[in-house]
Amino acid sequence: MFVNVIAMTRMTATVLMYETSEQLLFDRYNIAIERMVVCLVIGGGLKLTVAMNILLSCCQVTSWVSCKLDGEQLDDKYGPDSIAWFAVHEFLLTLTLCAVTVASDGRLQAEAHMSMRARAHRTVEKAVRRLLTMTYDVVTQVGDQLIIQQD
């Protein structure tokens, strides 16, 4: 979780240092890939992912708006309503990253649950085998095909 916060804070600081819209657009896809890696590899839970991605998206939109306030003609360069276009793309990216996080966390939880069930099943099977061995002189184990198995 701590690594997630550090990585997202570094990306946010990077975004806030841009001075032109070209810098922001040029590095935007690299930051999107970094965000995806942080969500998938580092994780940290849905709440942290949502909070950090919303913060980063707000910083990127703020940087975009500040470029316009600094006198850049964003509408001439990128078309009309470029601020709305940029904000919508950031919102959609954040939603996508949150959905990926939910899917990834669900998969990890299902794998952990199945692993724990398998471990519990093996433990119960060993306990039953020990009890049978202690109680009886000869214990044979029969497989799924009703064939006697060796230990």
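1. A word on terms before we start: a residue is called buried under 20% relative accessible area, exposed over 50%, and partly exposed in between, using a 1.4 Å probe and protein chains only. By that rule glutamate 90 counts as buried, because its relative accessibility is 1%.

2. Please keep in mind that this is a predicted model, in which local features need pLDDT of at least 70 and side-chain atom pairs count only at pLDDT 80 or more, while totals for chains, interfaces and linings use all residues. Residues are numbered from 1 along each chain as its sequence is written, and side-chain values use heavy atoms, with hydrogens and water left out.

3. Let's begin with the helix pair H2 and H3. Helices here are DSSP runs (H or I, at least four residues; strands are E, at least two), numbered from the N terminus. Axes are lines fitted to C-alpha atoms, for helices over the stretch in contact, and angles run from 0 to 180 degrees between N-to-C directions. H2 covers residues 21–42 and H3 residues 46–69; their axes lie 11 Å apart and the packing angle is about 175 degrees. H2 is therefore roughly antiparallel to H3, a label used for angles over 145 degrees, with roughly parallel under 35, roughly perpendicular from 65 to 115 and oblique for the rest.

4. Who makes that contact? On the H2 side the residues are Ser21, Leu24, Leu25, Arg28, Ile31, Arg35 and Cys39, and on the H3 side Thr49, Asn53, Leu56, Ser57, Gln60, Ser63, Trp64 and Cys67. Contact means heavy atoms within 4.5 Å. Sorted by class, the H2 and H3 contact holds seven nonpolar, six polar and two charged residues. For the classes, Ala, Val, Leu, Ile, Met, Phe, Trp, Tyr, Cys and Pro count as nonpolar, Asp, Glu, Lys and Arg as charged, and the others, Gly among them, as polar.

5. H3 also packs with H1 (residues 2–16): the two axes come within 9 Å and cross at roughly 5 degrees. That angle makes H1 roughly parallel to H3. H1 contributes Asn4, Val5, Met8, Thr9, Met11, Thr12, Val15 and Leu16, and H3 contributes Leu48, Thr49, Met52, Asn53, Leu56, Cys59, Gln60 and Ser63. The H1 and H3 contact has nine nonpolar and seven polar residues, and no charged ones.

6. Next, have a look at H5. This helix spans residues 82–135, 54 residues in total, and reaches 79 Å from its first C-alpha to its last, close to the 80 Å expected at 1.5 Å a residue. The expected span is 1.5 Å times one less than the number of residues. Ser82, Phe86, Glu90, Thr94, Leu97, Cys98, Thr101 and Ser104 of H5 are buried, and the buried residues of H5 pack against H2, H3 and helix H4 (74–78). Leucine 95, also in H5, counts as partly exposed because its relative accessible area is 43%.

7. How many salt bridges does a search of the whole structure find? There are six, where a salt bridge is a side-chain nitrogen of Lys or Arg within 4 Å of a carboxyl oxygen of Asp or Glu. One to look at is arginine 35 with glutamate 90, whose closest N and O atoms are 3.0 Å apart. This pair links distant parts of the chain, since arginine 35 sits in H2 and glutamate 90 in H5, 55 residues apart. Arginine 35 counts as buried, with 0% relative accessibility.

8. Another salt bridge joins glutamate 125 and arginine 129, again at 3.0 Å from N to O. Both residues lie in H5, four residues apart, about one turn of the helix. Glutamate 125 is partly exposed at 36% relative accessible area, and so is arginine 129 at 30%. Elsewhere, salt bridges with shared partners join Glu22, Glu72 and Lys77 into one network. Within it, the side chains of lysine 77 and glutamate 72 meet at 3.0 Å, N to O; lysine 77 is partly exposed at 42%, whereas glutamate 72 is buried at 16%.

9. Aspartate 81 counts as exposed because its relative accessibility is 57%.
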